[in-house]
Amino acid sequence: MVIENLRANCKLNNGVRMPYMGLGVYLSEEGEEVINAVKWALKAGYRSIDTAAIYKNEEGVGKAIQESEVPREEIFLTTKIWNADQGYQSTIDAFNKSLKKLNTDYVDLLLIHWPVKGKYVDTWKALEKIYHDGKARAIGVSNFLQHQLEDILKVADITPMVNQIEFHPELQQPALLEFCKANKIQVEAWAPMMQGKIFEVPEIKALAEKYGKSPAHIVLRWDVQMGVVTIPKSVKEHRIIENANIFDFELSDEDMLIIKGLDKNKRIGPDPDNFDF
């Protein structure tokens with residue numbers, strides 16, 4: 001696997017190429033903050049931007065893309081269907097609103113944000129319709145566990161292309177990764193840096209010292225070497241540029257094993273089997 005720069009990408013199960021690294025805009029404020037973050041990322045060479053309806057910053061993301069010098073077709077844009085909008089027709093309606101806010105005719109990836117019980121199968125059917133209509137180049141899910149993916153696969157005409165999950169050294173979910181790999185579902189990490197807690201992990205700090213890198217670089221490099229897409233979030237230009245500085249070194253097999261040993265099956269975010277939002 002050659003991962004030499006921000007253009008490095010993986011091939012999804014429908015042939016669409018998705019960058020291994022992108023910018024997440026969770027908690028980036030609508031308006032100037034998110035517009036600047038996206039523009040800085042695109043200028044630095046990022047080509048993947050991940051937003052969601054619930055982030056309430058789709059308009060800013062769309063504006064930044066429009067005002068950027070990077071052609072739309074070179075950008076991999078992701079958004080997500082929020083829980084309150086799930087169900088067949090309500091998903092289609094919500095997606096059309098997202099398209100208007102993003103000021104685009106299509107997205108590159110559309111995800112179901114969380115597996116809402118009793119709704120996510122109908123929501124998946126709506127995503128298939130959107131895909132067939134050419135308004136999403138790829139479709140997938142977020143925060144789905146194996147049994148929820150199995151529910152989708154039982155009725156799906158299209159296998160999900162991506163499963164975006166909480167993934168970091170203390171929550172590695174190896175069985176879920178294997179299941180996704182076996183079904184050609186690309187895994188994507190959110191909270192790769194454990195919302196900043198990665199800087200407190202002694203083993204990661206030691207590896208950062210060994211490689212002359214930051215703890216963030218070690219974890220983001222580990223993600224891509226694991227074959228996992230990663231979307232670190234920042235609204236600071238120097239941090240956005242710095243986060244991308246992971247293509248001039250490679251973690252050894254031994255050091256990959258050190259990180260593997262940090263798994264505690266410990267979540268920072270909600271449990272996909274037990275959430276109430």
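Is Ile 152 buried or exposed? I looked this up before anything else, bearing in mind that the model is predicted. Ile 152 has 0% relative accessibility, so I put the residue down as buried.

**Around Ile 152**

I placed Ile 152 in helix α5, which runs over residues 146-155. I then listed the contacts of Ile 152, leaving aside neighbours within four places in sequence: Tyr 120, Val 121, Trp 124, Phe 144 and Pro 160. For one of these, Trp 124, I also looked up the C-alpha to C-alpha distance to Ile 152, and found 7.2 Å across a sequence separation of 28 residues.

**Tyr 55**

Next I turned to the annotated position. An unreviewed UniProt entry gives Tyr 55 the annotation "active site". I found Tyr 55 in the loop that joins β4 (48-50) to α2 (58-67). Its relative accessibility is 15%, and the limit for buried is under 20%, so I recorded Tyr 55 as buried. With residues up to four places away in sequence not counted, Tyr 55 touches Val 25, Tyr 26, Asp 50, Lys 80 and His 113.

**Domain record**

UniProt, in an unreviewed entry, lists residues 31-263 as "domain: NADP-dependent oxidoreductase". Over that range I noted 45% helix and 12% strand, with 38 Å between the end C-alpha atoms.

**Sheet**

I followed the strand order of an open sheet of eight strands and wrote down β3-β4-β5-β6-β7-β8-β9-β10, with parallel pairing. At the edges I found β3 (23-24) and β10 (229-230), each of which pairs on one side only. I looked at one end of the order in detail: β9 (residues 186-190) pairs with β10 in the parallel sense, over two bridges. There I saw Ala 189 opposite Thr 230 of β10. As a reminder to myself, the strands of a sheet pair through backbone hydrogen bonds, in either a parallel or an antiparallel way.

**Helices α7 and α10**

Last, I looked up how α7 (residues 202-211) and α10 (residues 253-260) are arranged. Their axes come within 10 Å and cross at roughly 160°. On the α7 side, I listed Glu 203, Ile 204, Leu 207, Lys 210 and Tyr 211 as making the contact; on the α10 side, Asp 255, Ile 258 and Ile 259. I noted the crossing of α7 and α10 as left-handed.

Note on methods:
Residues are numbered from 1 along each chain as its sequence is written. This is a predicted model: local features need pLDDT of at least 70, side-chain atom pairs count only at pLDDT 80 or more; totals for chains, interfaces and linings use all residues. Side-chain values use heavy atoms; hydrogens and water are left out. UniProt positions are given in the numbering used here, feature names are shortened, and annotations may be inferred rather than shown by experiment. Helices (H or I, at least four residues) and strands (E, at least two) are DSSP runs, numbered from the N terminus. Buried means under 20% relative accessible area, exposed over 50%, partly exposed in between (1.4 Å probe, protein chains only). Contact means heavy atoms within 4.5 Å. Two strands pair if DSSP finds at least two bridges between them. Axes are lines fitted to C-alpha atoms, for helices over the stretch in contact, and angles run from 0 to 180 degrees between N-to-C directions. A crossing is left-handed if the near helix is turned anticlockwise from the far one by less than a right angle, and right-handed if clockwise.
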